[in-house]
Amino acid sequence: MNPIHEMNEKKKLIITTALKLFSAKGSAATSMQEIAEICGMSKGSLYLMFKSKEELEASTMEYCIFTLMDEISQIEHEAGLTSRERLHKQIETLLVHVSELKEFLRVQMRSMMMDEEQHRKEKCKPKNKDLEIRTLHWFKDKLEDLYGPEIGPYTLDLILLTHGLFLSYIKIWFTEMPSLTVSKMASNMLQTIDYAARGLLDQRPAPLVPLEHWPAWSSDSDTDSTMMRHPIHIIKQMKDIITSDMPPGQLRNDALETIAILRQEMMEFTPRRAIILGMMRNLDHIPVIQPLHSELQHIMDAMYSRFIQADSSQQ
């Protein structure tokens with residue numbers, strides 16, 4: 001087995017094991033020794049991959065975000081759903097993940113408020129900024145799907161409303177009303193957004209914060225909303241186009257096999273760069289998927305730096 005791939009598999013095992021323990025009893029009650037024993041390795045070997053428990057917690061949170069974004073993106077391309085039904089299902093998915101990770105998220109949210117965690121937040125600023133920008137684009141697209149392009153100026157007003165609702169729901173769900181259901185909260189949130197959006201469109205007040213004045217938006221105005229798309233969905237589109245537009249034969253079979261390998265590799269927590277590059281080169285010569293190929297390459301370029309840095313730091 002490729003040693004880097006083997007290392008990545010070990011890293012994934014550690015992260016998923018830590019996630020289960022953190023979620024079950026909280027990170028404070030989970031020791032690095034316990035994680036190492038369950039993973040079948042020594043504590044020293046664990047510390048070779050993660051220098052501290054804090055670093056492991058940060059990697060685990062990143063894994064959670066990656067997994068959640070993948071599931072939300074999968075819903076984006078489900079057939080037979082209206083824009084509203086799709087958003088409702090995505091909100092439910094988010095709430096389910098939050099519920100499953102309740103203890104872990106409690107600790108993470110407390111840590112983010114502590115002064116001694118400031119150095120970690122400073123290190124994560126570029127990544128958080130990228131996520132914020134992509135989320136802004138994604139939410140703006142969602143609002144325009146539901147209410148039309150005229151809702152655009154009120155994007156931030158509705159983001160602030162949705163963010164406040166979500167945090168409030170989570171607080172009372174975790175502390176006061178555990179009987180609340182995911183479906184009921186998702187429906188109520190969407191209904192409240194509906195009331196607010198329709199009121200804004202009817203009254204047309206000046207936005208509290210115009211979108212162009214929001215630092216994350218104005219500092220990266222060239223960001224494309226397609227950046228929110230997960231590579232898996234671009235790969236799926238490639239497969240659909242090749243299946244429908246290319247004549248049967250060895251060329252199509254080879255292309256479909258390449259796409260299957262590419263998809264499988266992208267499902268890994270740390271995809272192997274050499275495999276990704278090789279499969280992308282195999283698809284270079286297929287004209288019908290060139291726009292998708294370029295889009296995927298753009299996204300992959302942004303993702304590589306994170307994966308490569310994580311791998312090189314362990315070699």
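How close do the axes of helix H4 and helix H5 come, and at roughly what angle do they cross? They come within 9 Å and cross at roughly 160°, with axes being lines fitted to C-alpha atoms, for helices over the stretch in contact, and angles running from 0 to 180 degrees between N-to-C directions.

## What you're looking at

This is a predicted model, where local features need pLDDT of at least 70, side-chain atom pairs count only at pLDDT 80 or more, and totals for chains, interfaces and linings use all residues. Residues are numbered from 1 along each chain as its sequence is written, and side-chain values use heavy atoms, leaving out hydrogens and water.

## The chain overall

The chain has 14 helices and zero strands; helices (H or I, at least four residues) and strands (E, at least two) are DSSP runs, numbered from the N terminus. Of its 315 residues, 43% are buried (buried is under 20% relative accessible area, exposed over 50%, partly exposed in between, with a 1.4 Å probe and protein chains only).

Take the contacts (heavy atoms within 4.5 Å) between residues at least 6 apart in sequence: 71% of them join residues at least 24 apart. The accessible surface is about 16900 Å², and 57% of that belongs to carbon and sulfur atoms. Accessible areas come from the Shrake-Rupley method with a 1.4 Å probe, and for residues only the protein chains shown count as cover.

## H4 against H5

Back to the opening pair: H4 covers residues 53–76 and H5 covers residues 83–100. The two are therefore roughly antiparallel (angles under 35 degrees count as roughly parallel, over 145 as roughly antiparallel, 65 to 115 as roughly perpendicular, and the rest as oblique). H4 passes H5 in a right-handed crossing; a crossing is right-handed if the near helix is turned clockwise from the far one by less than a right angle, and left-handed if anticlockwise.

On the H4 side you'll find Thr67, Leu68, Glu71, Ile72, Ile75 and Glu76, meeting Arg86, Lys89, Gln90, Thr93, Leu94 and His97 of H5. By class, that gives four nonpolar, four polar and four charged residues (Ala, Val, Leu, Ile, Met, Phe, Trp, Tyr, Cys and Pro count as nonpolar, Asp, Glu, Lys and Arg as charged, and the others, Gly among them, as polar).

## Two residues from that contact

Ile72 sits in H4 and is buried, at 15% relative accessible area. Leaving out residues up to four places away in sequence, Ile72 touches Gln90 and Trp138. Its C-alpha is 7.1 Å from that of Thr93, 21 residues apart along the chain.

Arg86, over in H5, is buried too, with a relative accessible area of 13%. Setting aside neighbours within four places in sequence, Arg86 is in contact with Ile75, Glu76, His77, Glu78, Leu81 and Lys142.

Among the H5 residues involved are Leu87, Ile91 and Leu95, while the H9 side includes Met185, Met189 and Leu190. The whole contact divides into nine nonpolar, four polar and three charged residues.

Pro205 lies in the loop between H9 and helix H10 (215–218). With a relative accessible area of 35%, Pro205 is partly exposed. Not counting residues up to four places away in sequence, Pro205 touches Tyr154 and Leu200. Pro205 and Tyr154 are 51 residues apart in sequence and 9.3 Å apart, C-alpha to C-alpha.
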